[in-house]
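Biologist: Could you take me through this structure, please? I have not seen it before.

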Amino acid sequence: MNTPLLEQWRAAWEPALAAWSRFTRLRDARLCHTTMEAAKQGLQGSFAMIRLLDQSVVVDLQSVQELGLQDYAVEILAHEIGHHILAPATAADQFRLVARLRRALPTLEAHAPMVGNLYTDLYINDRLQRQAGLRMADIYRRLEAHHQQANHSKVWLLYMRIYEELWKLPKGDLGGGAADDAIDTDAWLGARLIRVYARDWMDGAGRFATLLLPYLVEGQDQAQEFSRMFDTRDAAEGCEPAGGQQIEPGELEPAIHPVHDPRISGLENGTPPEAGADQQGGQTREPFEYGEILKASGVKLNEEQIAIRYYRERALPHLISFPKMPAPSTDLLQLEGVEAWQIGDPLEQIDWLQSVIQSPRPIPGVTTVQRRYGPDGVRQPKPTPVDLDMYVDSSGSMPDPRRRTSYLALAGAIIALSALRAGSRVQVTLWSGKNQFMSTDGFTRNEDEVLGILTGFYGGATCFPIHKLRDTFSSKRACRTHILMISDDGITTMFDRDERGNDGWSIAATALKNGDAGGTMALNIPTNWEQDEPSWYQRAYKDLKRARSDQDWQIHAIAQFEDLVEFARAFSRRHYAPTSAPQKEHP
């Protein structure tokens, strides 16, 4: 349905793009006639929003009319375009921004999305008002006229005063008239911050959050007050959180108040921005914090989906290379055809039959031919990959992978994903106490199914599911299968008797025989475990010695859980690297 308002806003799209650059190109805005239609696009609360997934702008024209903003099409559209062009611009920067704000808002991390929206709006609106000559101040006058709360919060007063300072407007022109001297001072600092960090807006985020922090603790519902302007609420919905688990050095820099930043305040006794900054790179955040950042950015995933993405992304740098087709390696030659025999070539190389076929009267060097041979182009068959049967301990001595980093889950992810990349099938079993276990649906090539099991958690007692090992290898498998155990000394419960009274030692021996690709144990035990221990460890270590000597289990002592990552890398390359065919292990 075309209406004059719709046509007016459609015509404003090109001028809005030109407000940033005449070369700016985005898909046309989604202009919705009604609030219900806008809700189907994911727009709730605000009269406009952005989507970083498809670089879209969505506008609720019904709400625009209710607020009296129908004549500000260019301004509103240019503002939304600014979120795609300037800040946050990408989903990765949205994750980075939220992460920095959360660190600067202790105990008030839930406000990080709103603070990030207000912060990026300041940069966008200041540029459009001053450089593009758009009427951004008029929009806030309209919003002030439609303000529904009886009294403004201090955050609202401070925010409006910052705009009044930026644009040299009289106090109260945009709604900051009730601000006291303290708010006026902070508003001046906020305006200075926006100008000073205009080219490095990410670095100023923590300072802006620190400026707002005392005002956020007053307890008033600021989120409701700013809901009409919350256009980045779900900006990153549907986006892949690439790099979201990595902590960048700038994020670890202490968030200082703008008054202590000499670049802003001009005070010589201020604390330089670099002071105390932790410049160590390569650190990773915990899964819980990673999940909170994704949720705050609009990514709608449950805990299992977040954990799967977290461990997949952390495992990626450690995986083996993708397999390549092996080049021909035979020395045999095959006939490729004939070529001219010329005077000077060996006489015995003349193919007289083919020469006579071409000409009944052979003329040496003219009609004579010789056979041409080349290497055999038949490629060698690719080695058949070995399947993997993995058992991961999830007892009370192990961390919950969804709360903090579990190196057992990470090592399992590295090995399992490497095996899948090599063409193998994987079965994963997570186990803890009696009857506490879960497995993939047999051997699978489904990454999400494998990672979903690895990121589960029990936290109970320790009782290996002997029956699972027994049933998996009750008969010889069609494909050779390596058995991998990731645990601690509690793995020796696998040698107890099962519910049928069968000896665990016999079950383990049968599994190794029918798997026909060896077995490995990566155990969190001291590196000197082979020495006699006077404590209760003695029996467990004796069982491990027997497993190695009698059944050929390869036992790797992992002194710290962090060392499991290096073990996983070495194991993956030894068994699944494309340059070497997997082989049965030997001592």
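The conversation below covers domains, a cavity, a helix pair and the backbone.

Modeller: This is a predicted model, in which local features need pLDDT of at least 70, side-chain atom pairs count only at pLDDT 80 or more, and totals for chains, interfaces and linings use all residues. Residues are numbered from 1 along each chain as its sequence is written, and side-chain values use heavy atoms, with hydrogens and water left out.

Biologist: Which domains does the chain have in the assignment?

Modeller: The assignment gives domain 1 (1–85), domain 2 (91–224 + 237–266 + 286–301), domain 3 (334–375) and domain 4 (386–575). Such bounds come from an automatic or database domain assignment. The C-alpha centres of domain 3 and domain 4 are 65 Å apart.

Biologist: How many cavities of 30 Å³ or more are there?

Modeller: The count is 5. A cavity here is a set of points on a 1 Å grid over the protein atoms alone where a 1.4 Å probe fits but cannot get out; lining residues have an atom within 4 Å of a point. The largest cavity has a volume of about 160 Å³, a volume being the space filled by probe spheres set on the points, which are joined across faces, edges and corners.

Biologist: What lines the largest cavity?

Modeller: It has 16 lining residues, and those closest to its centre are Phe47, His79, Glu80, Ile139 and Tyr140. Helix 5 (73–85), helix 7 (112–130) and helix 8 (136–145) each give two or more residues to this lining, with the largest share, 4 residues, from helix 8. Helices are DSSP runs (H or I, at least four residues), numbered from the N terminus. Domain 1 and domain 2 each supply at least three residues of the lining.

Biologist: Changing topic, at what angle do helix 6 and helix 11 pack?

Modeller: Helix 6 (residues 91–104) and helix 11 (residues 201–216) pack at about 35°, with their axes 9 Å apart. Axes are lines fitted to C-alpha atoms over the stretch in contact, and angles run from 0 to 180 degrees between N-to-C directions. Contact means heavy atoms within 4.5 Å. Among the contact residues are Arg96 and Leu97 of helix 6 and Trp201 and Met202 of helix 11.

Biologist: And the backbone: which peptide bond is cis?

Modeller: The bond from Ala87 to Pro88 is cis, with omega near 5°. Pro88 lies in the loop between helix 5 and helix 6. Thr107, in the loop between helix 6 and helix 7, has a positive phi of about 70° although it is not a glycine. Most residues other than glycine have a negative phi, and most peptide bonds are trans.

Technical notes. 1 Å grid on protein atoms, 1.4 Å probe; cavity = no way out; pocket = protein on both sides within 12 Å on 5 of 7 lines; lining within 4 Å.
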